[in-house]
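Hello,

Here is the structure I promised to pass on to you. Please open it first, and then read on for what I found in it.

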Amino acid sequence: MNLKELSNEELKKLVLNKKVEVKDIVDSGICPTCFDRENDHVLYGDTKDKMIYEDDYFECFLVGNPRAEGHTAISTKKHFKDMTEIDNETCTKIYLLAKKLMIILKETYKSESVYLCTMCDGPMNHFHVQLIPRYSFENRGSKNFVKPRSEYKEDKEKLEELRRKMSLGE
Ligand SMILES: [Zn+2]
């Protein structure tokens, strides 16, 4: 089935009935993030309760199925397929934002380090970077990028701290 031939409502129904997953949407050439935003977050779930920072260009939020406590994503509001498509201004802005958030994550979660990756792949995707804390009880190295995912547990205090620190100047 070519998902691109379906109407938005038909596709939304398939997602709601769990007949279609993120992977199927990516494979069909539809941007999963833009689809999610235009359809009440049916694909990834609402991120409002996990949002740390938002401006005209970006949103930073705690990931719903984190690989570590404090696992965060920074996503552009505008659609870009991957990092090769972004303009230099967006590139500069997102890395400055990632730096700021990385420092704040280290402070807030007392992690030893924070790893950064971007790996938007497949026929269609939506540019974002991921920040994954690495804790003192964990070994250093690339295995930290593929730590098992777990269910997000809200820590109100840390969330408020992140929001407060991100709202401050440079
Ligand atoms: Zn998109």
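Let me begin with a question: is Gly 70 buried or exposed? Gly 70 is buried, because 24 other C-beta atoms lie within 10 Å. The cut-offs behind these words are as follows: a residue is buried if 20 or more other C-beta atoms lie within 10 Å of its own, exposed if 12 or fewer, and partly exposed in between, with C-beta atoms placed from the backbone.

Two notes before the rest. The model is predicted, so local features need pLDDT of at least 70 and side-chain atom pairs count only at pLDDT 80 or more, while totals for chains, interfaces and linings use all residues. Residues are numbered from 1 along each chain as its sequence is written.

**The chain as a whole**

The protein chain has five helices and five strands (DSSP runs numbered from the N terminus, H or I of at least four residues for helices and E of at least two for strands). Read from the N terminus, the order of elements is α-α-α-β-β-β-α-β-β-α. The C-alpha atoms of the chain fill a box of roughly 50 × 35 × 30 Å along the principal axes. For 170 residues, a compact globule would have a radius of gyration near 15 Å, and the 17 Å of this chain agrees with that (the radius is taken over C-alpha atoms, and the globule rule is 2.2 Å times the number of residues to the power 0.38). Of the 170 residues, 24% count as buried. Among contacts between residues at least 6 apart in sequence, 57% join residues at least 24 apart; two residues are in contact if their C-beta atoms, placed from the backbone, lie within 7 Å.

**Two domains**

The domain assignment gives domain 1 (1-46) and domain 2 (47-167); such bounds come from an automatic or database domain assignment. The C-alpha centres of domain 1 and domain 2 lie 23 Å apart. Their contact takes 12 residues from domain 1 and 11 residues from domain 2. On the side of domain 1 that touches domain 2, helix H2 (22-27) and helix H3 (32-38) each supply at least two residues, and H3 gives the most, with three residues. The residues of that side divide into six nonpolar, four polar and two charged (Ala, Val, Leu, Ile, Met, Phe, Trp, Tyr, Cys and Pro count as nonpolar, Asp, Glu, Lys and Arg as charged, and the others, Gly among them, as polar).

**The sheet**

Five strands form an open, antiparallel sheet in the order S1-S2-S3-S5-S4; two strands pair if DSSP finds at least two bridges between them. Strand S1 (51-54) and strand S4 (113-117) stand at the edges with a single partner strand each, so one side of each has no neighbour in the sheet. On average, neighbouring strands are turned by 15° against each other, direction ignored (axes are lines fitted to C-alpha atoms, for helices over the stretch in contact, and angles run from 0 to 180 degrees between N-to-C directions). Helix H4 (residues 88-109) packs on the sheet, where it touches S2, S3, S4 and S5, and its direction makes about 20° with that of S5.

What about S3 itself? Four of its five residues are buried, so S3 is largely enclosed by the rest of the structure. S3 pairs with S2 in the antiparallel sense over five bridges, and with strand S5 (residues 128-134) in the antiparallel sense over four bridges. Ala 73 of S3 is the bridge partner of Phe 61, and Gln 130 in S5 is the bridge partner of Ala 73. Ser 75 in S3 is the bridge partner of Glu 59.

**The loop between S2 and S3**

Gly 70 is found in the loop between S2 and S3. Leaving aside neighbours within four places in sequence, Gly 70 is in contact with Leu 105, Tyr 109, Ser 111 and Pro 133. Val 63 lies in the loop between strand S2 (58-62) and strand S3 (72-76). Val 63 counts as partly exposed because it has 19 C-beta neighbours inside 10 Å. With neighbours within four places again left out, Val 63 is in contact with His 71, Thr 72 and Ala 73.

**Two positive phi values**

Most residues other than glycine have a negative phi. Lys 18, in the loop between helix H1 (8-16) and H2, has a positive phi near 60°. Lys 18 is exposed, with 7 C-beta neighbours inside 10 Å. His 41, in the loop between H3 and S1, also has a positive phi near 60°. His 41 is partly exposed, with 13 other C-beta atoms within 10 Å.

Best wishes
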